[in-house]
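Take a look at it first, and then we'll go through it piece by piece.

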Amino acid sequence: MRALPLILAAGLALLALAPLAAPYLQFVLTVAVAKGFAALGVALLLRAGLISLGHAMFFAVGAYAAAFLAQAVGINDFLLLLPFAVAVSALAGLLVGAFLVRYRAIFFAMLNLAVSMVAYALASKLYSITGGTDGLRIDVPTLMGMSLEKAQFDQALYYISLVLLAVVGWLVHRYLKSPLGQALAAVHTNEVRLEYLGVSAWSTLLAAYTISAALAGIGGAIAAVAIGHVLPEYAFWTESGHLVLTAVLGGIAGIAGPFVGSIFLELIHTVAVGYAAEAWNLIVGVALLAVIFFLPRGLFGLIESAAGVKDHRGETEL
Amino acid sequence: MRKTSFMRPIAAAAALLAAGAAAAEDKPESLNLGVFTFMSGGPAAYGMPGRQGAEVMIDMINAEGGVAGVPVSATYVDEAQGAEGVISEYRRLSEDPAYGFMIAALSSGNCLALAPIADQLNMPTIGWNCDTHQLYLGNDYQFFYRPNGNTIAEFMAYALYFLDKNPDVSRVAIINPDYSFGHDAAEIVKATLKAVKPEVEIVAELFPKLGSSTFQTEISRLSAARPDVIFSNMWGGDLENFIRQAAPRGLFRTSVGVFALGESALQSVDVPEGSIVGVLGDGYWMSPDAQEIGLAAPFAEAYRAKFDADPVFPSVKMANAFLVMKAAYEKAIADNNVEWPSKEQLAAAMEGMSTTTMTGEMTFREDNDGVVDQLVGTVAKVDGKLVMTDMARYDGETMLPPLGEDPIAWIGSLTPEFLAAMPKPGSYE
Amino acid sequence: MTALLKAENLEVAFGGVKAADGVNLSIDEGEFVAIIGPNGSGKTTFLNLCTGYVRPVSGEVWLDGKPITAMAPRRIARKGIARAFQIPQLFTEHTVIENVMLALAAHRGIWQAFAPLDRPDYRAEAMALLDLLKLADHANAMAGALPEGLRKLADVTVAMALKPRLLLLDEPTSGVSALERFPLMDTLMTAMRAQGVTALFVEHDMEIVETYADRVVVWDSGSVMAEGKPSEVMKDPRVLKSVVGA
Amino acid sequence: MLQTLIPLFVDALANAALIFFVAVGLTLVFSVLRILNVAHGSLYSIGAYVAASVGLWIVAAGLPAWLTFPALVLSAAFTALLFGPVIERTLIRWTYGKSEAVQVLVTFGLFLILEDLQRMVFGVQSIYADTPMALLGISEIGGIVYLNYQLALIGLAVAVLIGLRLFIRRSRTGKLLAAVVADREVSQAMGIDTNKMFMIAFTLGVLLAALGGAMATPTTGVAPGLGADTMVLAFAVAAIGGLGQVEGAAVASVIVAVAKVLAIYYAPALDAVAPYLVMLAVLLVRPYGLFGAGATRRI
């Protein structure tokens, strides 16, 4: 059991050092970590047996909130953009979730998809507010009032993202171990018993839904300033599908899984663009099926086995 | 996580080093370019001729020894993957020191997204096809240049041409793709009509999604509106689908189609004769100017040999973008008296540069927008081929608002006399 | 003295079959009441009605003189009625002790998002309960992997962890071999007495009812046919006919 | 007034016909297999590609043009037989009894694979095969020219709806399918070969998807990305009608089509949003769709 924290710490250190060895990886990894946050949000809901086919919507909400604050309102400091984006996406999650967490199984998936497609369609149609399909631009934000060159900012952003990964990851880990987090898996295995314990499955799920939306919002805000542009396609349903895929590929049991999945995918993508751009979806699709068939605990499951973790109690299987 | 504290100074030192080195660079083995265009999906019908134009022009440039003796090679990036992927690819290529110049992008949306990044990454970039006038509105880019003019000149030219051609027009319908390019064009056409012929009524204004495969309901809606003129700046597969679907339903028997990007589709669909088409600039390879300059004929010949088709204006635009890039390298080398220019020197050399392309003169204005003439004509069948006839060539300078003025407001200040002073259809043959 | 639980004229029907047809019943604090009756006579439906899982068409349920009719199960649970099920309802992918700790946490309020569920005080309390119900040896087994009899015990333990005023047990000895029934009931009784729980249990086994119940209620076609001390009720020929089938 | 209403009506029905084909297979597969096939849109676009390619080939080979009509149907049948049984036997069958998350993910993986396979087989350029449309000519209704092909499609959609009903009500296989829909366990206990029923239902779903794609080709272009766009529309329509409700899909197609046509006529800015706004409005009131019902759990 000791080995796992060491491996996680080593992984984080490796991430921190990677741009020194290969500077072009910094951008790729920033985006990967951003998407990892959103995938972590999806993984939370998967623990409750709920599959959201619309979570890219909250990623987009976070991104658009950041872009809106920066360009329309003119407040463009990353340390304000981030909390604002997270607050807006959490609020969106609370509102949407209040309606959606009454539903289970495929209806939950479909209703999420439905809401996300409305968001997608509105983002691409409200030309005067969202910039339509052109999207919105974000200039390089300041950092605590300091104006930085793009290159410096990108570097700062990357390390801020890693710090967030560690801190937020730890908080989510605590949440999952807490009664409220454990109740999440309980919704999946026996909702009737949970209700008979006097626990409202609705509020348990709503809390998780809101947290998952906030996580997606963190990712959206990071991606928005890293890429410098936000677009409706962030909310398209295939993006949502990719988030679920990322979470499952990495493994939903631990906090690290979705990030492992996301980094793995982005790195493979970077390589594949040069050699097999035509077959990128094919590769990902086959990888997904292989993981579902042969590695139900995802890539992170492999790391855990290597670390000698054998105790999988209290974990949700897909 | 303490890495940040000592990484900053390293990065700063690296940046200093790079700046020092910028003054004198060694000639590279080859000049690597990123070339961005649509290569899949409906938009590829427009984007692939662009890529093919690039291939032919690269062959031509390399056959003559390349750019200042350095052979050119290109990496093509598909814009159909969406702006997020396009941006990532642009960054990936730009951060690779092997790449010296970008020719990006086809779509206005992507240019809007890439221009600030070009400045952030100090990457000299030419927007080879995008036209939105919003690009340089209120933005002062150092590294992003656009040698093909903007939507203001382009769509004013169409409005003026069809008013001259059909003086009785009173009902106009607009169907444009749903993004900045389509919305901009609609604004400009409406503003121009309002200024020079205010009695014209806009009877329908539709913005189907870019990449729609079917327009049947839109066609019914347009038929019901009974317009004299249907203006559209759809392009690629959208344009081809629209014409294919609308023609059998008789839409063009009662209304004249104005297809702003229609020249690009003349070889692939039966664009109805009498439709008004153009090339968004002067890039028509058969134009009198092109024949006089003499570069277009060998280009077209090489193009035909390689792809068994005539070049269309996206091919010409792309080829012209390469010529502008070549001129920029030559000017930067001469200006700084160096073997090979730095990226900063290249960007500086393009400031205010003038050059002759395959099809006319191009001059960069202070805002980095290129001034080019506008060519509009009418489709007719000559020797079994659809070509542009009855052309008018509008002077680029007079079609652009003065720097710093709000373009739409400037159009509003025009008068019917402006129209009267314009060259007439058929004046350029 | 008001009855702990009181049901008045409960009526509900499923697809034309009356599962509750004017049920009247009351249970006093400290009582240990058994319900018997043929299959399909509406015994489980009565438990569902009392816990809000099924809403009556008409009639009222009172707890301590306050109406709880048609409240959601979780609200009724929070008011002090806990339930063990005929088919045990456990969190199968948690261990037995985690199941119990989750119930303990739920009793205190689930909104604890940062302190872990597995903390010393919960663990000690859960262990004590498991001890009481002779499940201590299986505390760390996965709930889904337990044999049927132990799962029923675990189900009761989870219900008891809610420190209920009234415990509803749905056939606690079904699926348990004849030899194990009395020891199982002994364990349950001891535990319930130790916790001062009032209980209502549905049961098929007449011997069990006679041995453990203070009072027995006989169900037939959705209503109470007879009630009283087990020894007296068992002499009623109608009861013998419908329940024992004699 | 009537003059403007007639085109609205015709356009709505023409749209509804195309939309119905998109959704009916998805909802049919769900009703029998209880699986939401995320790759449904890809099968639609493969049907379209096969039909368009065959159509172009017939014309290029100089064969009689009328052959393009049977070619549409045969292309769909070919697609269904090629993909239906194989996919059901391998991927889909493996997911029976697994959670919805696994089912959605497996079909999403299939979607990704099929999207790229299409690019590899059919290329990335948009293709257009409109011979059947041209052969049927035009009609004028309410002062607006319509393609007879559009009108024929309305008839075909109605015929398919009625045919499906008759198949399920009258034929032996259909009755067995209906039994599986009604109660899977009981029908299994009664000796119905549910595995065979699943394969038949899935193949029928693929056939309907491919037929939808094939029938659309004469009036639309086929290009990469068609599958993903089609998928969301199919989701929306199936959700509005109620997942698993064939008649619901028909009604929902008409509702979505009316919304879309009204938007194009009177509020063009909303055309792309219209189907989803309708869906949201319906689902807010009836979360399981117009004809659907949620399941309750027994304890």
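## Chain C: helices over a sheet

Let's start with a helix in chain C. Helix α5 of chain C, residues 148-161, lies across β6 and β7 of chain C, and α5(C) runs at about 170 degrees to β6(C). Keep in mind that this is a predicted model. Another helix, α1 of chain C (residues 43-50), lies across β3 (32-36), β6, β7, β8 and β9 (215-220) of chain C. Its direction is given against β7(C): α1(C) runs at about 150 degrees to that strand.

What about the sheet itself? In chain C, 6 strands make an open sheet with mixed pairing, and their order is β6-β7-β8-β3-β9-β10. The edges are taken by β6 (81-84) and β10 (223-228) of chain C; each has a single partner strand, so one side of each has no neighbour in the sheet. From one strand to the next, the twist averages 20 degrees. Look for C:L167, whose bridge partner in β8(C) is C:A199.

Chain B is divided into domain 1 (14-149 + 292-359) and domain 2 (152-280 + 373-420). The C-alpha centres of these two domains of chain B lie 28 Å apart. Their contact takes 22 residues from domain 1 of chain B and 21 residues from domain 2 of chain B.

Which helices supply the domain 1 side of that contact in chain B? At least two residues each come from α2 (44-63), α4 (108-121) and α12 (313-336) of chain B. Of the elements on this side, α2(B) gives the most, with 5 residues. Sorted by class, the side of domain 1 of chain B that touches domain 2 of chain B has 11 nonpolar, 9 polar and 2 charged residues.

Chain B also has an open sheet of 3 strands, in the order β11-β12-β13, with antiparallel pairing. The edge strands are β11 (354-356) and β13 (370-371) of chain B, each pairing on one side only. Strand β12 of chain B (residues 361-364) and β13(B) pair in the antiparallel sense over 2 bridges. There, B:T363 stands opposite B:V371 in β13(B).

## Chain D: two helices crossing

Over in chain D, helix α2 (residues 40-60) and helix α10 (residues 226-241) pack with their axes 7 Å apart, at an angle of about 125 degrees. That angle makes α2(D) oblique to α10(D). The crossing of α2(D) and α10(D) is right-handed.

Which residues make the contact between α2(D) and α10(D)? From α2(D) come D:H40, D:G41, D:S42, D:Y44, D:S45 and D:A48. From α10(D) come D:L226, D:G227, D:A228, D:T230, D:M231 and D:A234. The residues of this contact of α2(D) with α10(D) divide into 6 nonpolar, 6 polar and no charged.

## How the chains meet

There are 5 pairs of chains in contact, and chains A and D share the most contacts among them. Here, 38 residues of chain A are in contact with 38 residues of chain D. On the chain A side, the elements that give two or more residues are α5 (105-125), α10 (237-250) and α12 (280-294) of chain A. The largest share, 15 residues, comes from α5(A). The residues of the side of chain A that touches chain D divide into 30 nonpolar, 6 polar and 2 charged.

Chain A meets chain C too: 28 residues of chain C are in contact with 25 residues of chain A. On the chain C side, α2 (73-79) and α3 (96-108) of chain C are the elements giving two or more residues. The side of chain C that touches chain A divides into 17 nonpolar, 6 polar and 5 charged residues. Chains B and C, on the other hand, do not touch; their nearest C-alpha atoms are 24 Å apart.

Key: Residues are numbered from 1 along each chain as its sequence is written. Chains are lettered from A and ligands numbered from 1 in the order in which they are written. This is a predicted model: local features need pLDDT of at least 70, side-chain atom pairs count only at pLDDT 80 or more; totals for chains, interfaces and linings use all residues. Axes are lines fitted to C-alpha atoms, for helices over the stretch in contact, and angles run from 0 to 180 degrees between N-to-C directions. Helices (H or I, at least four residues) and strands (E, at least two) are DSSP runs, numbered from the N terminus. Angles under 35 degrees count as roughly parallel, over 145 as roughly antiparallel, 65 to 115 as roughly perpendicular and the rest as oblique. A crossing is left-handed if the near helix is turned anticlockwise from the far one by less than a right angle, and right-handed if clockwise. Two residues are in contact if their C-beta atoms, placed from the backbone, lie within 7 Å. Ala, Val, Leu, Ile, Met, Phe, Trp, Tyr, Cys and Pro count as nonpolar, Asp, Glu, Lys and Arg as charged, and the others, Gly among them, as polar. Domain bounds come from an automatic or database domain assignment. Two strands pair if DSSP finds at least two bridges between them.
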